[in-house]
Amino acid sequence: MSRQRSLTLALVAGVIAIALGILLSYEIRWFPVQASAQARNTDHLYHVLVIATIPIFVLVVGVILYCVWQFRMKPGEELKDGPPIHGNTRLEVFWTALPSVLLLSMVGYSFVVLHDNEKKPAHEIQIGVTGQQFFWSFQYPPSVTGGAPINSYKLYLPDNESVYFNMRSKDVIHAFYIPAFRLQEDVVPGITTHYLATPDRVGNYVAECNLLCGVGHSLMRTTVHVVTPEQFQAWIKSQLALSSSSSNTAGGAGGGTSG
Amino acid sequence: MTAKLRAPGFYRAAWLMVGAVGFATLITWLVRMSTGHTTFTHYLSGDAILTVSLLAVPISFLIGIGGFDYWYYWATGRPTRPEDHSGHGAHTWRDYFRINTDHKVIGIQYTVNSFFFLLVGGLLAMLMRAQLAQPGSHFVSANTYNGLFSVHATILIFLFIIPVFAGLGNFVIPLMIGAPDMAFPRLNALSFWLLPVAGAIMLLSFLAPGGAFADGWTAYAPLSDQAPIGQTFFAIAVQFAGASSIMTALNFLVTIITMRAPGMSFFRLPLLVWANFATSLLVVIATPFIAASQFFVLLDRALGFNFFNAAKGGDVLMYQHVFWFYSHPAVYIMILPGFGIISEIIAVKARKPIFGYRMMAFSLLAIVGLGFTVWAHHMFTSGMANWIRIPMAITTSIIAVPTGIKVFSWLATLWRGVLRLDTPMLFALGFLTTFTLGGISGVMLAMIPFDIDVSSTYFIVAHIHYVLFGGSLMTIFAGVYYWFPKMTGRMYDERLGKWHFWTTFVFMNLTFGPMHIAGLQGMPRRVATYAAKFADINLFISIASFALGLSTLIFVYNMINSWRGGPKAVANPWRGMTLEWQVSSPPPIFNFDRVPTVVGGPYEYGVPGAVHGILTPPTPATVGAGSGMARAPSQ
C-alpha cells in the first residue's frame, strides 16, 4: 500500500473514531440526576471538555497505531535506521501555540461557568451546616423559620430557592458534598465556609462527607429533601412545634449551635 | 566477637538500637520528671518513649551500619581511611546488604528495595479491593481499611516511585555522562540506607497501638493531630524518606554539573540526564516543605504546639498550603525521570534522533518553574480565599503545554522510524496512551466548577492512577527492561516481557477506567464502604485489580529467573549510542577502562558515521586530561 493511501485510510479511520467517540459521549450517563441550576452548568462544561479532548486522544493513539502499522521493523531491517530528522521549528511552534489557545479558552469558559454558579442571586435563604464526627446537623435561623431557630438532623430545602450554606466544623475537616447538586466545599474548624446552591428538582438526594474525617467517614451520609415551598413551610412548622413541645432541650440546643 | 560488635555492620547496629530505646526511655523520664509529673507512672509514657525512639533508633541503626564512620573520623581528627575502592562492586548477594559506595551497587540496592515495596504496596491494594468488592463488607474494619490505603499510598510514593527513579538514575547517570562514580559516594550510600529505615517505620505502624496511620498520605491536620500514635510513624518516616531524596538530588546535581566527560556539553546530555537534573531541582527546593509540614504535626502531637488547633489560634488551612507546596511538585518528581526514560527508549527503538531535542530539555525546565505555581489546585474546595483559584487554574492549564510538547515530540520521533516493538518499546507506547488519558483528566480537573463536583471522589483516584500507574509505573517497567542487560549482564525473557506488558496494560485500564465513572456518579474516595448503587462497578474493579496484581508476578518471575540464569548480555544489545552502552554489561568497576570523549549528540541515529562518544585507551596524557573533568570520586 502506498504511503498516500495508508495516510488517507488512517485519516478516515481517525475521523470515524472521533465521531463515534462524540456520539458515545452523548450516550453514556456520566452523572447522577441533576437537581440544581449549578449542576446543569457544570454538566454542560464537562460535556464540552469531553468533546474537546476526544480529538486529542484520537490523534495521539492514532499516530501511535499508524506508526506501529506502517513503520514497524520488517525482517531484514535489523540494522536499518530511520531518517535523521532533528526537528521542525514551525511544527514545534504550532504544537505549542495551538494547545495554549485551546487550554486558555477552556479555562476561560470554565471561569464563565464558575461566575454563573456563584453569582449572588436576588433572593437567598441562609442555612447553617455543622459537621462533626460522624454526622451532620442543620441550623435554620429565624429569618427562615419566622420563629425560633431550629436545629435539625434533617435537611429540607425549598425547590427553586437559592440556598447559601454557612458551614462550620466542631472537630476535624469534613466536606459537605451533594453529588446531585455537583457542589461541595470543605467544612473547616476555625472558619466558616460557604456555598451557594439553587435546587430546582423535587426529590431526595444524598449528601455525604467527602473528606476523610476518621473511622466513621464512609458512613457520614444524610439525605437532602428538596420539597415544594408549601411542603417546606409545613416541615418548618412541624419542627417549630416539636422544639416548643420539648421545651428547652431541643430548642435550646438549636439556639446554641445555629449560625 | 568484640571486634564484630565494634565494626560497622548489623551487629553494631543491633546493640546501638537497643541503646537508643534505653536513651529514649531515660530522656523522656527525665524531662517528664523535671516538668512536674507527680506520680511514678506518669514519668513513663509509652507514646513519649515511642516518639523519641522513632527518631533515635533509625539514627543509631545508620550509625551502626557505618553510614557516618568516615565523617566521624574526619570530624574528630582521627586518621581517616583513604578510599581504596576495595568496597566497590558486589561479588555475592551479601554485598548488597552492606554500606557500599559504588553507584552501580547502590543503583541496584535502590531498585530492588523499591520493587520490594512495590509488591508490599500492591498487596495492600489487593486487600483494599477485597474490602471494596461489595458494600458493607467486613473483610477488615474501617480503621484497618483507612490504614491500608494510607500506607499503600505512602509506600508507593515515598518508597517506590521516587526512589526507583533515583535508583535507575544512580546506575545510569554516571555511565551516561562518562563519570567513574557519583560526586559524593558516601552520601549516596547513606541516602540509600535511609529508605529501608523509612519503609520499616511505615510498615511497623501496623503494629502500633490504635493501628497504622489512617489519615491518608495527605495526613490533613487537625485529624492527624488527634490520631493514635501510628500517625507519628508517618510524620517521622517521611523525614527519613525526604532526607534520602534531598541527598540524592544534591548528588545528581553536583555530579551532572561537575563530572561530565570532556566534550559532554549540556546540549549533548541524554534526555534522561536532563530529566533527572530537572527533577533534582524540584526535589531540593520542594522537599523541605513536606518535612516542615510533618514537623508541625509532630510538634502538635508530641508537645502541644497548636499549629493546627483552631481553638488555640492555629491555622488549619496552612497545613494544606505547606503540604501541597511540596506535594504538587512531587507529582512532577514522580514523572519527569519517566519522561527521560521514554525519550531514551523511543529514540533507540525508533532508530531516529529525538524530535526537537532542545524543546524537550526546555519543556522540562518549564515544568520545573510552573510546577511551583499550581499547588492550590488541590484546594479548590478547601475554603481558602476564592480568588486564589483563578490564577491557579490558569497555571494548571498552562503546565499542560510543555507536557503536550513532549508527547507530540515523541510521536514525531516515532514517525518514519524503524520501530522495534520489544518489551521496553511496548511499555513506552503504552505509557503514551495511558498517560495522555491521565493528562486529559488532569486538564479537566483544572476547570474549577468541574473540580468542585468531583474533587475527592473516585474520579481523582482514577486520575492519579492514570498518571502514577499509567504514567510513572509504565516508564519504570520500560526502564527496568531497557537497562536490565546493563545492570545484570543478562537478558530478560522477551516473551514473558510481552505477556507482562499486555496483561498490565489491559487490566490497568479495566481497573482504573471505571473509577472515573464511579467518581462522576459521586462515590467519595477513602471510604471503607459505599452506597449500594456502586456495588456492580466496584465488584468489576476489584476483579480487574486482582488480575492486575497477578500480572506483576510474571514480571517478578521474569526478573528473578533471568537474573539468575538468563543468557549473557552483550555490551550493546539495543545498538544505543549513549555512553552506558559503550562499556561491557555489567560495566567495569570504575565504569570506563578507556577514557570517554564526547564528540556529538546522543541520538544521532540515521546520521551516517555519527558517534556520540569516543573511548580511547588510557595513555599518560589522556589520563591527565580526563581526570580534570571526570575525576575519581574520592580524592
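# Briefing: charges, cysteines and backbone features

Ala219(B) sits in the loop between H8 and H9 of chain B. Helices (H or I, at least four residues) and strands (E, at least two) are DSSP runs, numbered from the N terminus. This is a predicted model: local features need pLDDT of at least 70, side-chain atom pairs count only at pLDDT 80 or more, and totals for chains, interfaces and linings use all residues. Residues are numbered from 1 along each chain as its sequence is written, chains are lettered from A and ligands numbered from 1 in the order in which they are written, and side-chain values use heavy atoms, with hydrogens and water left out.

**Backbone features**

- Ala219(B) has a positive phi of about 45 degrees, although it is not a glycine.
- At 0% relative accessibility, Ala219(B) is buried. Buried means under 20% relative accessible area, exposed over 50%, and partly exposed in between (1.4 Å probe, protein chains only).
- Asn306(B) also has a positive phi, near 65 degrees, and is a residue other than glycine.
- Asn306(B) belongs to the loop between helix H11 (271–303) and helix H12 (316–333) of chain B. Asn306(B) is partly exposed, with a relative accessible area of 27%.
- Ala221(B) and Pro222(B) are joined by a cis peptide bond, with omega about 5 degrees. Pro222(B) is in the loop between helix H8 (185–204) and helix H9 (223–226) of chain B.
- Another cis peptide bond joins Gln133(A) and Phe134(A), with omega about 0 degrees. Phe134(A) is in the loop between strand E1 (124–132) and strand E2 (135–140) of chain A.

**Salt bridges**

- Over all chains, a search of the whole structure finds eleven salt bridges. A salt bridge is a side-chain nitrogen of Lys or Arg within 4 Å of a carboxyl oxygen of Asp or Glu.
- One of them pairs Arg351(B) with Asp81(A), at 2.8 Å from N to O.
- Arg351(B) lies in the loop between helix H13 (336–350) and helix H14 (357–371) of chain B, and Asp81(A) in the loop between helix H2 (37–71) and helix H3 (89–118) of chain A, so the pair joins two chains.
- Arg351(B) is buried, at 2% relative accessible area. Asp81(A) is partly exposed, at 26%.
- A network of salt bridges links Asp81(A), Arg351(B) and Arg575(B).
- Arg12(B) and Asp69(B) form a salt bridge of 2.9 Å, N to O. This pair links distant parts of the chain: Arg12(B) is in helix H2 (residues 10–34) of chain B and Asp69(B) in helix H5 (residues 69–75) of chain B, 57 residues apart.
- Arg12(B) is buried, at 11% relative accessibility. Asp69(B) is buried, at 12%.
- Asp102(B) and Lys104(B) meet in a salt bridge of 3.4 Å, N to O. Asp102(B) is buried, with a relative accessible area of 1%. Lys104(B) is buried at 7%.

**Surface patches**

- Arg3(A), Arg72(A), Lys74(A), Arg416(B) and Lys498(B) form a patch of positive charge on the surface.
- Patches are made of residues with over 30% relative accessible area and no salt bridge; like charges are joined within 9 Å, and nonpolar side chains (Val, Leu, Ile, Met, Phe, Trp, Tyr) within 5 Å. Accessible areas come from the Shrake-Rupley method with a 1.4 Å probe; for residues, only the protein chains shown count as cover.
- Lys and Arg count as positive and Asp and Glu as negative, while His and the chain ends are not counted. The place of a charge is taken as NZ of Lys, CZ of Arg, CG of Asp or CD of Glu.
- Arg3(A) lies in helix H1 (residues 3–27) of chain A. Arg3(A) is partly exposed, with a relative accessible area of 38%.
- Val12(A), Ile16(A), Leu20(A) and Leu23(A) make a nonpolar surface patch of about 390 Å².
- Leu20(A) is in helix H1 of chain A. At 53% relative accessibility, Leu20(A) is exposed.

**Cysteines**

- A search of the whole structure finds zero disulfides over all chains. A disulfide is a pair of cysteine sulfur atoms within 2.5 Å.
- The sulfur of Cys209(A) has its closest cysteine sulfur in Cys213(A), at 3.8 Å, too far for a bond. Cys209(A) is buried, at 2% relative accessible area.
- Cys67(A) is buried, at 0% relative accessibility.

- Thr511(B) lies in helix H20 (residues 494–520) of chain B. Thr511(B) is buried, with a relative accessible area of 2%.
- The C-alpha atoms of Thr511(B) and Ala547(B) are separated by 9.1 Å, and the two residues are 36 residues apart along the chain.
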